[in-house]
Amino acid sequence: MLSRLFAPKVKVSAHCDLPCGVYDPAQARIEAESVKAIQEKMQGNDDAHYQARATVIKEQRAELAKHHVSVLWSDYFKPPHFEKYPELHQLVNDTLKALSTAKGSTDPATGQKALDYIAQVDKIFWETKKA
């Protein structure tokens, strides 16, 4: 009797954790753009305090970007996506590695490389949304 009382009244299903609209690679892109912008600003400022503050912020933003990419990989992309885009696993790995490199670097080229990878993830993401 208790099992019937607590049994779900409505069954809900979705291809992701929540109904669509909550996932978007733009979140990762915005954080990665911040990483690159900070790297560029660090190039023109030799103040040690500025460098220290900029490094902390850059590393936080890189971690946020990595988080957003990881969430797409683990929560949004499903087996049919990986079947259609067999390069997706490697692309996500390369994206995360590029963000880690940018996190530890002051060279804006590393930030740009991360952005380039995120753009590729973004392209696949939006193709899957059309399906």
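Guide: What follows is a conversation about how the descriptions of this predicted model are reached.

Visitor: What makes up the secondary structure of the protein?

Guide: The secondary structure comes to 6 helices and 0 strands, and from the N terminus on the elements run α-α-α-α-α-α. Buried residues make up 33% of the 131 residues, and among contacts between residues at least 6 apart in sequence, 74% join residues at least 24 apart.

Visitor: How do you know that the length of helix 6 agrees with its number of residues?

Guide: Helix 6 covers residues 108–130, and at 1.5 Å a residue its 23 residues should span 33 Å, which agrees with the 33 Å between its end C-alpha atoms. For helix 3, residues 48–76, the 29 residues should span 42 Å, and the end C-alpha atoms are 41 Å apart, which also counts as agreement.

Visitor: Why are helix 2 and helix 6 called roughly antiparallel?

Guide: Helix 2, residues 26–43, packs against helix 6 at an angle of about 165°, with the axes 8 Å apart. Angles over 145 degrees count as roughly antiparallel, and the pair of helix 2 and helix 6 is therefore given that name. The crossing of these two helices is left-handed.

Visitor: Which residues of helix 2 and helix 6 meet, and how many fall into each class?

Guide: From helix 2 the contact takes in Ala28, Arg29, Ala32, Glu33, Lys36, Gln39, Glu40 and Gln43, and from helix 6 it takes in Pro108, Thr110, Gly111, Gln112, Leu115 and Ile118. By class, this contact of helix 2 with helix 6 has 5 nonpolar, 5 polar and 4 charged residues.

Visitor: What makes helix 3 and helix 6 roughly parallel?

Guide: Helix 3 and helix 6 pack at an angle of about 30°, with their axes 12 Å apart. Angles under 35 degrees count as roughly parallel, and helix 3 and helix 6 are therefore described in that way. Their crossing is left-handed, and the contact is made by Val69, Leu72 and Tyr76 of helix 3 together with Ile118, Val121, Phe125, Thr128 and Lys129 of helix 6. By class, the contact of helix 3 with helix 6 has 6 nonpolar, 1 polar and 1 charged residues.

Visitor: Which residues of helix 6 are buried, and what covers them?

Guide: The buried residues of helix 6 include Ala114, Tyr117, Ile118, Val121, Ile124 and Phe125, and what covers the buried residues of this helix includes helix 2, helix 3, helix 4 and helix 5. In helix 3 the buried residues include Ala54, Lys58, His68 and Tyr76, and the buried residues of helix 3 pack against helix 2, helix 4, helix 5 and helix 6.

Visitor: Why is Glu31 called buried?

Guide: Glu31 lies in helix 2, and with 15% relative accessibility it counts as buried, because the word applies under 20%. Setting aside residues up to four places away in sequence, Glu31 touches Arg61, Leu64, Ala65 and His68.

Visitor: What makes Tyr23 buried, and where is it placed?

Guide: Tyr23 has its place in the loop between helix 1 and helix 2, and its relative accessible area of 9% makes it buried, given the cut-off of under 20%. Tyr23 and His68 are 45 residues apart in sequence, and their C-alpha atoms are 8.7 Å apart in space.

Visitor: Why is Ser70 called partly exposed?

Guide: Ser70 lies in helix 3, and its relative accessible area is 28%, which makes it partly exposed, as buried means under 20% and exposed means over 50%. The C-alpha atoms of Ser70 and Val92, 22 residues apart along the chain, are separated by 7.8 Å.

Technical notes. Residues numbered from 1 in each chain as written. Predicted model: local features only at pLDDT ≥ 70, side-chain atom pairs only at ≥ 80, totals over all residues. Heavy atoms only, no water. Axes fitted to C-alpha atoms, helices over the stretch in contact; angles between N-to-C directions. Helix = DSSP H or I, 4+ residues; strand = E, 2+ residues; numbered from the N terminus. Parallel < 35°, antiparallel > 145°, perpendicular 65-115°, else oblique. Left-handed = near helix turned anticlockwise from the far one by under 90°. Contact = heavy atoms within 4.5 Å. Nonpolar A, V, L, I, M, F, W, Y, C, P; charged D, E, K, R; others polar. Expected span 1.5 Å × (residues − 1). Buried < 20%, exposed > 50% of the residue type's maximum accessible area, 1.4 Å probe, protein only.
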